[in-house]
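The sequence and the structure come first, and the description follows.

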Amino acid sequence: MKFLGTPGGQAAALLRLFLLLWKILRPGHSHLYGNRYAGDKVLRIVPHTEEEAYALQKICHQLKVDLWQPSSVVYVSEGTLTDVHIPHNGSRALLAALQEAAIPYTILIEDLQNALEKGSSLQAQRNRRSLLEYNYEVYHSLEEIQNWMHHLNNTHSGLIYMFSIGKSYEGRSLFVLKLGRRSRAYKRAVWVDCGIHAREWIGPAFCQWFVREALLTHRSDPTMRKMMNHLYFYIMPVLNVDGYHFSWTNDRFWRKTRSRNSRFRCRGVDANRNWKVKWCDEGASMHPCDDTYCGPFPESEPEVKAVANFLRKHKKHIRAYLSFHAYAQMLLYPYSYKYATIPNFSCVESAASKAVHVLRSVYGVRYRYGPASSTLYVSSGSSMDWAYKNGIPYTFAFELRDTGHFGFLLPEMLIKPTCTETMLAVKNITMHLLKKCP
């Protein structure tokens, strides 16, 4: 059977095929995520009274909006900055409901697809992301990050050791880098994780930046040299590997893990509500379709269980726990699940205060700091509280840039400044704990 007929017919068909491919692949035509966010909006809504807050909660429930801030409608109260992503086919209904309830709003992002494509080099720059010239100023897929980890393990064996602590729900390896000089038999350690929530891409970017800085400056910078000599750092660039992968392939704004539920079609658990500390209490949801779903039981998620098991096993020498999230520009410490003062408050508060001060000195970016419950909101089952309650005395959670202008779509051009200022804060916290805290 002849597929294209005569030679002349073949040439014509090939020309048509070439023109079709050129149309599809030419710049500006091929859209990320199948153009699924075209016309979607992100609104900032601020209820000025409790009546408005209640009305906004009802509206969000009815229209099933994607809440960016706060993470659940239960946190919406008088004065709460509420950032809402609404699909294009629901924006008219949302705007009408807000106008009818006389609740003020501003449009942060007019067209989400546009904003997504403007802030990212996902399409144009894949070819220049080789391991030898690894670019820390762009976002990387899970495969790229894990290849990078393997590469560092092979090329920097004096400072880096890579290992797996288990498998994810979908069977992906949960890799960790152990960073530091083998300078003594016993060393204290710091645990650092990023990407517990899939859509917060600046987190994994920072974890990679931290490793880069250590490799580049551990000889020239006295502070980094001391950190590498006196401590080990366990760095987990992506904790929620399945969710992070899904946020690259299917839904840029996915938050949870990807585990299945036997009774509901909704997938995933909030990996920062799944820890065995006041599990599924205030600030967590029992409904599998909610973004703050706590899971069927504590540590139900293999990713959470793997990290918890590792921390339990090594808690005698792990002195600090740092977790990186976005967005809000905050530095938080326990407690998250209750309004109470931690026993070692003065040392932790002092470390946070100094870290925020040094962070601001770089670009003038302001961070708030304090106990998570009063600075952000009450949430149960968090990794930070769990680590603290399980004997790690210094636990912090960073909410990185920004405060809503870009939200989860922090442009790649802001990776470097964000990581540069955060790096100073982390070094400051580490040195504070080494020098001044028991």
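A residue is called buried when its relative accessible area is under 20%, exposed when it is over 50%, and partly exposed in between, with a 1.4 Å probe and only protein chains considered. The model is predicted: local features need pLDDT of at least 70 and side-chain atom pairs pLDDT 80 or more, whereas totals for chains, interfaces and linings use all residues. Residues are numbered from 1 along each chain as its sequence is written, and side-chain values use heavy atoms, with hydrogens and water left out.

**Overall architecture**

The protein chain contains 13 helices and 12 strands; these are DSSP runs numbered from the N terminus, with helices (H or I) of at least four residues and strands (E) of at least two. Its C-alpha atoms fill a box of roughly 80 × 60 × 45 Å along the principal axes. Of the 438 residues, 57% are buried. Contact means heavy atoms within 4.5 Å. Among contacts with a separation of 6 or more, 75% are between residues 24 or more positions apart.

**Enclosed elements**

Seven of the nine residues of helix 8 are buried, so this helix is largely enclosed by the rest of the structure. The buried residues are Val241, Asp242, Gly243, Tyr244, Phe246, Ser247 and Trp248. They pack against helix 5 (142–155), strand 6 (173–179), helix 6 (202–217) and helix 9.

In a regular strand the side chains alternate between the two faces of the sheet. Strand 10 is covered on both faces, with Met330 and Leu332 buried on one side and Leu331 and Tyr333 buried on the other. Strand 10 pairs with strand 11 (residues 368–371) in the parallel sense over four bridges, where pairing requires at least two DSSP bridges between the strands. Within this arrangement, Leu331 stands opposite Tyr369 of strand 11.

His432 lies in helix 13 and is buried, with a relative accessible area of 6%. Apart from neighbours within four places in sequence, His432 is in contact with Cys347, Ser350, Ala351, Lys354 and Cys437.

**Aromatic pairs and charges over rings**

Rings of Phe, Tyr and Trp (its six-membered ring) pair if their centres lie within 6.5 Å; planes under 30 degrees apart count as stacked, over 60 as edge-to-face and the rest as tilted. Tyr37 and Phe253 are edge-to-face because their ring centres are 5.0 Å apart and their planes stand at 80°. This pair links parts of the chain 216 residues apart: Tyr37 in the loop between helix 1 (7–25) and strand 1 (41–45), and Phe253 in the loop between helix 8 (241–249) and helix 9 (302–314). Both Tyr37 and Phe253 are buried.

Tyr327 and Phe408 also form an edge-to-face pair, with 5.0 Å between centres and 80° between planes. Both Tyr327 and Phe408 are buried. Ring pairs join Tyr33, Tyr37, Trp68, Phe253, Tyr327 and Phe408 into a cluster.

A charge sits over a ring if NZ of Lys or CZ of Arg is within 6 Å of the ring centre and within 35 degrees of the ring normal.

| Charged residue | Ring | Distance to ring centre |
|---|---|---|
| Lys187 | Tyr232 | 4.1 Å |
| Arg252 | Trp201 | 3.7 Å |
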